[in-house]
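Please look through the structure below before reading on.

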Amino acid sequence: MTESPSQLIDSRIAELGDWRGETLARVRKLIHDAVPGIEETWKWRGVPVWEKNGIITTGETYKDKVKLTFAKGASLEDPKKLFNSSLEGNARRALDLFEGDTLDEAAFKALVQEAAALNGAKKKH
């Protein structure tokens, strides 16, 4: 039996076993709090992805950071300037979190909600 995407994400968090796992677990909870019923998927050989009417964000982990890439980030308002990576692209924007960083949780949840609303507005019927 293959593991579900949620189980694979649980496993990734556990295998990291450091601040990156803690950070991924925290943002995962914020994403679920922001958009109840969001779907977790697992793509590109090991990237957690959160979707609602399309990709909202990915949760990539690297040696020195957790990168949250918003598929349509360039179209989102970002009044708190959370995006700090991939700022030159036409579509995506990313938020790189490094060890010891604090995240404005309310602003992050608002960004996730805005991304979900944008996906819902563009959904083809």
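What follows describes the sheet, the helices, the nonpolar core and a few single residues.

This is a predicted model, in which local features need pLDDT of at least 70 and side-chain atom pairs count only at pLDDT 80 or more, while totals for chains, interfaces and linings use all residues. Residues are numbered from 1 along each chain as its sequence is written, and side-chain values use heavy atoms, with hydrogens and water left out. Helices (H or I, at least four residues) and strands (E, at least two) are DSSP runs, numbered from the N terminus.

**The sheet**

- Five strands form an open sheet in the order E1-E2-E3-E4-E5, with antiparallel pairing, where two strands pair if DSSP finds at least two bridges between them.
- Strand E1 (39–43) and E5 stand at the edges with a single partner strand each, so one side of each has no neighbour in the sheet.
- From one strand to the next, the twist averages 20°, with axes taken as lines fitted to C-alpha atoms, for helices over the stretch in contact, and angles running from 0 to 180 degrees between N-to-C directions.
- Helix H1 packs on this sheet, where it touches E1, E2 and E3, and its direction makes about 70° with that of E1; contact here means heavy atoms within 4.5 Å.
- Strands of a sheet pair through backbone hydrogen bonds, either parallel or antiparallel.

**Strand E3 and its partners**

- Strand E3 (residues 55–61) is largely enclosed by the rest of the structure, because 6 of its 7 residues are buried, a term that means under 20% relative accessible area, with exposed meaning over 50% and partly exposed in between (1.4 Å probe, protein chains only).
- On one side, E3 pairs with strand E2 (residues 47–51) in the antiparallel sense over 3 bridges, and Glu51 stands opposite Ile55 in E3.
- E2 and E3 form a hairpin with 3 residues between them.
- E3 is also joined by 5 bridges to strand E4 (residues 66–70), again in an antiparallel arrangement, with Gly59 opposite Leu68 in E4.
- The hairpin that joins E3 to E4 runs through 4 residues.
- E4 in turn pairs with E5 in the antiparallel sense over 5 bridges, and Val66 stands opposite Leu97 in E5.

**The largest nonpolar core**

- The largest nonpolar core has 29 residues, of which Phe70, Leu103, Phe108 and Val112 touch the most other members; such a core is a set of buried Ala, Val, Leu, Ile, Met, Phe, Trp, Tyr and Cys residues joined through side-chain atoms within 4.5 Å.
- Two or more residues of this core come from each of helix H1 (5–16), helix H2 (19–34), E4, strand E5 (93–97) and helix H3 (105–122).
- H3 gives the most to this core, with 7 residues.
- Leaving aside residues up to four places away in sequence, Phe70 touches a set of residues that includes Ile56, Leu76, Phe83, Phe108, Leu111 and Val112.

- The 16 residues of H2 should span 22 Å at 1.5 Å a residue, and its end C-alpha atoms are 22 Å apart, which agrees; the expected span of a helix is 1.5 Å times one less than its number of residues.
- Asp18 caps the N-terminal end of H2, with a side-chain oxygen 2.9 Å from the backbone nitrogen of Arg20.
- Among the buried residues of H2 are Trp19, Arg20, Leu24, Val27, Arg28 and Ile31.
- Lys109 is found in helix H3, is partly exposed with a relative accessible area of 27%, and touches Leu30, Asp33 and Ala34, not counting residues up to four places away in sequence.
- Although Lys109 and Val35 are 74 residues apart along the chain, their C-alpha atoms are separated by 8.3 Å.

**Single residues in and around strand E2**

- Trp50 is found in strand E2 and is buried, with a relative accessible area of 0%.
- The side chain of Trp50 makes a polar contact with the side chain of Glu40 (3.0 Å), where a polar contact is a pair of N or O atoms within 3.5 Å; within protein, one must be able to donate a hydrogen and the other to accept it, and residues adjacent in sequence count only if both atoms are side-chain atoms.
- Arg45, in the loop between E1 and E2, has a positive phi of about 55° although it is not a glycine, and at 89% relative accessibility it counts as exposed.
- Asn53 lies in the loop between E2 and E3, has a positive phi near 60°, and is partly exposed, with a relative accessible area of 38%.
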